[in-house]
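Biologist: I have the sequence and the model open side by side. Can we go through a few spots together?
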Amino acid sequence: MLKNAMFYATLKALPVMIGRAASNSAEFKEELARNDCVYQIKLKDNSAGRYYLFQNGTVKSKRGIHPNPDAAMVFKNLDIAGKMLSPSPDMLYRIHAAKNFLVELQGSDKIGNWVAKLVQRAQYEATGFRYGEEMPDGCKRTTMITNGGPVHVYVRDEKIVRVVPIKYAPDDAPGWTIKARGKTFEPTRRVMAAPHTLSVKSAIYSENRLLHPMKRVDYDPEGERNPQNRGISGYERISWDEAFDLIGKEILRQRREHGPGSIFVPHSSHHLWGNVGYYLSALQRFINLVGATRMAMNPDSWEGWYWGAQHHFGNSMKVGMPSSYGTLEDCLKEAEQVVFWSSDPESTNGAYAGLESTERRQWAKDLGIKFVHIDPHYNPTAQLFGGKWLPIKPTTDAALAIAIMNVWIAEDLYDKEYVATLTTGFDEWRAYVMGEEDGVPKTPEWQEAETGIPARDVRALARAWGKKKTYLACGAGGVGFGGANRGSNGQQFARCMVMLMAMQGWGKPGINFGNLTGGVPLDFQFYFPGYAEGGISGDLVNTGNAAHNYQKMPHVISMGVVKQVIPKQFIPEAILEGKAESYLWESTSQEAQFVPVQYPMPGYSPIRMIYRYGGSTFSTTSKSGRWVDAYRHESIECIVNQSIYMEGDAKFADIILPACTNFERWDIGEWSNAGGYGLHAQEMLNHRVFALQHKCIEPLGESKSDYQIFEGVLERLGLSQVFTEGCSELDWCKRVFDSSDLPSKISWNQFLKKGYYVLAPEKEELRTPVAMRWYAEGRRKDLPEPFPLPSQFADQYGYGLQTPSGKFEFIPTTLRRNEHAHPDRPAVNRYTPSWEGPRTTTLYDKYPLQMICTHSRYSFHTHVDNTAATDQISDHRAFINGHYYWLMRISEEDARARDIADRDLIKVYNDRGSVICAADVSSMLSPGSVKGYQSSAKFQLVTIGNEQVEIGGCLNILTPDQTQTVGTHSMAPNSTLVQIEKYAHAEELSNVTAA
Amino acid sequence: MSQPPSSDARRKWNLIIDVAKSTHATNAVLVAKDEYVGNEHKGYSAPVSEDSAELFKVERKVRGASPVVDTAYLLKTCNHCDNAPCKKVGGDAVTKRDDGIMMIDPVKSKGRKDIAKACPFGAIVWNEELQIPQNWTFDAHLLDAGWPVPRCVEVTPLNAIEAVKITDAEMQKRVESEGLEVLRPELRTKPRVYYKNLYRFRQCFIGATLIGMDGDVENCVEGASIDLMKEGVLLQSVTSDAYGELKFDRLEPSSGTYELIARHEDYGEARADCELGAESLYLGALLLT
């Protein structure tokens with residue numbers, strides 16, 4: 001009886017709560033008026049129920065069973081109804097009930113979804129919904145996380161006034177302290193954000209924002225679709241309903257006519273931050289509900305470490321990168337030298353960590369730690385801190401490394417005991433290095449012709465390194481990730497890097513990987529899910545969901561039934577040639593990468609529809625001019641593009657869906673928490689910071705959040721309730737919050753108001769030990785990372801590395817077992833000159849400049865490029881004749897030989913295409929090397945005279961599409977040969993750009 | 001840096017920019033756009049146009065030749081001069097606040113291109129859309145609202161930009177003890193923006209690499225002592241590093257001929273004569289015999 005009474009009381013209370021919410025919030029009131037309908041809640045046997053009449057923005061309810069409701073929620077019995085309708089429900093039970101049909105959703109999916117979300121929203125609107133802090137100047141201060149740091153967003157009259165990196169309040173948790181060599185170091189008490197965070201307001205209000213759904217004027221799904229006109233024809237505005245109808249119909253037509261696999265969803269990585277609206281979250285859920293061919297990503301930032309280095313020491317779960325726990329303190333206390341080898345943290349910020357680590361490098365310098373920079377470019381890190389610069393020729397790093405090892409062996413400057421007891425295969429490696437194998441000793445003189453580095457410098461470096469405790473810094477965070485591993489010889493490079501460290505006693509005090517970006521002593525056991533843990537995706541296969549998130553945040557599983565994938569770097573071939581073959585990025589073991597994938601996969605349809613999501617492909621893949629023909633191919637019947645800006649791929653779509661930025665919708669996240677493959681990536685930060693990512697302003701124009709766009713499309717398939725689980729984005733934020741350890745520190749309401757929480761650092765006595773120290777000391781592994789997996793130990797669980805021998809292997813067994821099939825990835829890491837470089841003489845005679853194409857300093861991939869503030873950065877683009885040209889950094893000698901002056905327009909070209917850039921002439925490069933960033937958001941082809949040139953700065957059209965080695969799926973943009981000449985048609989071009 | 005505790009009413013704002021640590025100076029440009037483009041700060045400034053020239057500008061200076069180079073950045077903005085040419089022509093459109101900040105009235109300055117033109121540093125930008133001259137106001141609207149320092153200070157690491165509110169006497173002490181300089185002191189405009197390590201822009205170095213032979217193997221010579229002589233007078237002495245590199249810095253451009261004399265007890269001696277032109281000079285490898 002009591003249950004019965006509770007059931008009726010709850011049902012009766014609903015209209016009261018909704019009414020209260022409507023009187024509190026004009027927005028809610030408006031939402032309430034959206035639909036006139038009848039909604040029924042009842043028991044399955046019709047023994048009890050109440051229905052709700054929504055009419056003209058009001059709701060009334062009546063006891064009983066309505067004969068013809070628009071939608072209904074039907075419980076199997078009273079007991080279940082009671083648990084489900086409790087004001088603080090057990091989410092695990094709710095999910096259990098849904099999965100087991102203890103509750104059923106009947107009738108209109110659209111109405112059911114609408115009512116469920118309305119009721120959820122009424123719960124917090126009814127008690128007065130407040131978020132953000134009111135400031136004295138009348139602004140409301142809200143909170144957001146970007147790729148370059150968390151920020152306070154000051155809003156007045158629905159307009160963002162300013163975006164300010166968070167300054168911690170006195171009552172926020174304190175920072176950590178490191179004592180080293182008589183000094184005490186404490187981090188800055190504010191977020192040190194990346195440049196692209198500081199200019200993000202310009203990106204939000206960019207004139208390139210897509211503000212309305214659009215359709216290509218000559219795309220007619222009932223008649224001529226005109227795929228050949230993609231990128232040429234203009235667009236007309238359509239309503240959201242028209243857009244959703246068009247897409248919904250097309251998806252169902254694809255399913256019926258072509259079958260599973262015909263819809264393909266390629267996407268970019270990381271343009272926005274947050275656990276709900278992320279590509280591994282909402283998008284992944286959408287992909288699974290639509291049923292689509294997925295894009296198989298290559299490990300694009302880790303290439304050489306994944307395909308190469310991991311075979312020597314393991315860490316496949318970290319994509320082949322070393323760990324860096326505890327290394328900041330160890331480096332400051334013990335190290336005497338840091339060798340930055342293709343590592344420019346001042347530009348690349350460890351990916352998401354902004355400029356948090358800049359001050360730590362200054363501390364190291366102040367302690368007298370010597371810096372060495374091995375990079376074709378005198379990069380900003382070298383510029384800021386100085387030190388010895390070795391301007392190496394691109395793609396030749398392995399030759400230098402091998403020569404260093406040669407000196408160490410010849411002069412007895414390596415850790416013989418470590419090598420003897422903790423490694424295998426050294427004798428065979430030494431035989432190669434010393435020339436016993438092939439008669440060529442790999443001396444400093446041997447490498448000079450390859451690298452351009454004088455033999456004497458190599459000897460000096462090898463001696464200093466052999467005598468000083470040295471940290472080796474590779475890539476953005478110091479432990480791999482970006483840089484030389486993204487060239488043709490990236491695997492040789494990364495393999496050499498770990499061998500160098502093994503020869504010097506990797507893990508001993510002062511001897512490790514790092515550039516002072518990682519290894520900060522934070523509390524890593526406090527749980528909050530990272531983006532790779534799948535958010536709301538429900539996908540246990542293609543995200544890291546299964547490890548924690550699926551248990552911590554009960555939600556319904558979503559499964560992709562289409563097994564077909566297309567390897568990311570070969571999507572154009574898949575379309576143009578109808579087939580593509582490559583290898584998987586699969587991190588569970590070293591062996592997984594040898595498994596080939598083929599497109600098309602037997603049984604599935606080739607792709608016929610593309611649903612494109614996120615930023616530009618043109619500036620994030622190699623030889624990307626291929627995409628123009630692919631997009632225009634007649635086999636592709638429909639292209640939908642969902643993105644924020646009218647740039648890149650958007651211009652090749654049939655239907656354009658305008659997504660808003662994350663400043664215009666709700667989300668929740670932790671700064672720099674990648675999770676999964678990027679476990680504990682917060683270790684680069686001074687403080688762990690969690691934020692409720694407020695909806696700072698309403699979406700601009702007609703744009704919508706990605707989540708709401710997916711919801712709209714899925715509503716046409718009757719799947720909106722399956723997608724939302726009755727939740728808005730804010731409801732999901734609350735579910736993520738509840739799944740984490742945050743509720744033990746801050747209440748939901750406080751979090752809503754303040755917007756962020758700073759976690760106290762780990763207690764000094766509980767700090768994480770130093771990476772590899774356990775191995776150097778022959779102990780059980782003592783780091784908080786759950787790998788190698790239990791089956792991957794050569795000895796007792798917890799002892800040894802993830803290799804067949806359990807030791808560091810100079811000659812990797814996992815490569816030896818497979819080298820018959822992959823002769824260009826031999827077990828002995830022999831130096832092989834680049835397949836596109838000075839030794840490819842026919843090509844080199846035509847294109848004698850080696851171009852490195854690195855990550856941009858002022859944008860995050862393409863995000864926040866192509867905005868007024870970023871365009872105007874003098875170190876990013878140059879304004880010439882009405883157009884902002886991409887910079888190409890070139891040496892004074894090479895410029896002089898070509899009669900090129902600083903900021904002249906130049907043509908950068910090879911057989912793949914031509915890009916018009918502005919020359920940035922300086923002595924910060926050696927002759928023969930040039931540097932330009934990838935990631936221009938602009939892709940603008942123009943024809944001048946008879947020649948087609950690209951003027952947006954999309955250097956990716958020049959980079960090779962060849963995989964680094966046979967049997968891998970790896971890109972090599974840092975091994976591009978080009979020629980440069982002063983642009984002869986600058987005047988004709990100015991007629992185009994000035995127009 | 002924290003401000004001194006002095007509550008002296010004569011305290012005025014000054015900016016101190018370290019040229020050697022300004023690799024991230026662009027961040028100051030970006031936050032100025034964030035703060036001023038499209039934003040009206042009532043009683044202080046009108047919105048700056050997206051297309052206007054920038055309130056902050058960054059210049060780059062690369063000295064030397066590969067591989068012995070250094071690179072510095074010079075951040076320029078309104079100098080808030082105490083003897084400002086803009087104020088002389090500006091009349092009541094240009095006012096100097098008691099705290100040293102120069103303000104251009106967005107109403108009274110309408111049409112006054114002459115105010116922008118009067119600035120010898122080119123630091124006042126002309127807003128074509130609104131027809132007014134505009135300067136960086138030191139974020140006066142924020143300081144008055146209680147912000148401790150201007151925004152540019154907080155976004156550039158390593159205290160590359162420091163804002164201090166101290167008396168002119170206190171500032172003068174810092175100028176002397178830290179060797180601070182202003183841009184174009186000869187104009188006697190009395191800027192309130194000071195620079196540390198300005199030699200990285202203004203002056204030159206002479207660099208070289210010392211090598212020696214061990215049998216037929218060429219090695220870098222570490223620990224050699226090198227003297228820089230001019231007309232027989234010893235100017236500076238330095239020691240070569242592990243790569244045999246050495247640098248004599250803070251030399252005036254186009255300052256004539258110099259002689260380098262390098263000595264090492266095992267490798268012997270090397271001498272080189274050179275003429276320093278407008279730019280720094282890297283002499284390449286010098287063989288000790």
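Biologist: What do the buried residues of α4(A) pack against?
Modeller: They pack against α3 (78-84), β5 (103-107) and α26 (729-739) of chain A. Packing here goes by contact, meaning heavy atoms within 4.5 Å. Helices (H or I, at least four residues) and strands (E, at least two) are DSSP runs, numbered from the N terminus.

Biologist: Which residues of α4 in chain A are buried?
Modeller: In α4, residues 91-99, the buried ones are A:Tyr93, A:Ile95 and A:Ala97. Buried means under 20% relative accessible area, exposed over 50%, and partly exposed in between, with a 1.4 Å probe and protein chains only.

Biologist: And what sits at the start of α4(A)?
Modeller: A:Asp90 does: one of its side-chain oxygens comes to within 2.9 Å of the backbone nitrogen of A:Leu92. That is a polar contact, a pair of N or O atoms within 3.5 Å; within protein, one must be able to donate a hydrogen and the other to accept it, and residues adjacent in sequence count only if both atoms are side-chain atoms. Just after the helix, A:Phe101 has a positive phi of about 60°.

Biologist: Before I go on, what are the ground rules for this model?
Modeller: It is a predicted model: local features need pLDDT of at least 70, side-chain atom pairs count only at pLDDT 80 or more, and totals for chains, interfaces and linings use all residues. Residues are numbered from 1 along each chain as its sequence is written, chains are lettered from A and ligands numbered from 1 in the order in which they are written, and side-chain values use heavy atoms, leaving out hydrogens and water.

Biologist: Switching to chain B. Is B:Cys220 buried or exposed?
Modeller: Buried, at 11% relative accessibility.

Biologist: Which strands pair in the antiparallel sense over four bridges there?
Modeller: β10 (204-214) and β11 (217-220) of chain B. Two strands pair if DSSP finds at least two bridges between them. B:Met213 stands opposite B:Glu218 in β11(B). The two strands form a hairpin with two residues between them, and B:Gly215 in the turn has a positive phi of about 65°.

Biologist: Now α6 in chain B. Which residues are buried?
Modeller: In α6 (168-178) they are B:Met171, B:Arg174 and B:Val175. They cover an arc of only 105° around the axis, so they are on the same side of α6(B); the arc is that of the directions from the helix axis to the C-beta atoms. Exposed on the other side are B:Ala169, B:Lys173, B:Glu176 and B:Ser177.

Biologist: What does the buried side pack against?
Modeller: The buried residues of α6(B) pack against β1 (12-18), β8 (161-166) and β9 (193-196) of chain B. Just after the helix, B:Gly179 takes a positive phi of about 65°.

Biologist: Where is B:Gln134, and what does its side chain reach?
Modeller: B:Gln134 is in β7 (132-134) of chain B. Its side chain reaches the backbone oxygen of B:Ala46 at 3.0 Å. B:Gln134 is buried, with a relative accessible area of 5%.

Biologist: How many residues are in contact between chains A and B?
Modeller: 52 residues of chain A are in contact with 49 of chain B. The chains bury about 4,100 Å² between them, 52% of it on carbon and sulfur atoms. Buried area is the accessible area (1.4 Å probe) that two parts lose on being put together, summed over both. A:Arg162, A:Leu198 and A:Arg456 supply 17% of the area that chain A buries against chain B, more than any other three residues.

Biologist: Last one. Where does a cis peptide bond turn up in chain B?
Modeller: Between B:Ser66 and B:Pro67, with omega about 5°. B:Pro67 lies in the loop between β2 (57-65) and β3 (68-76) of chain B. In chain A, a cis peptide bond joins A:Phe787 and A:Pro788, with omega about 5°.
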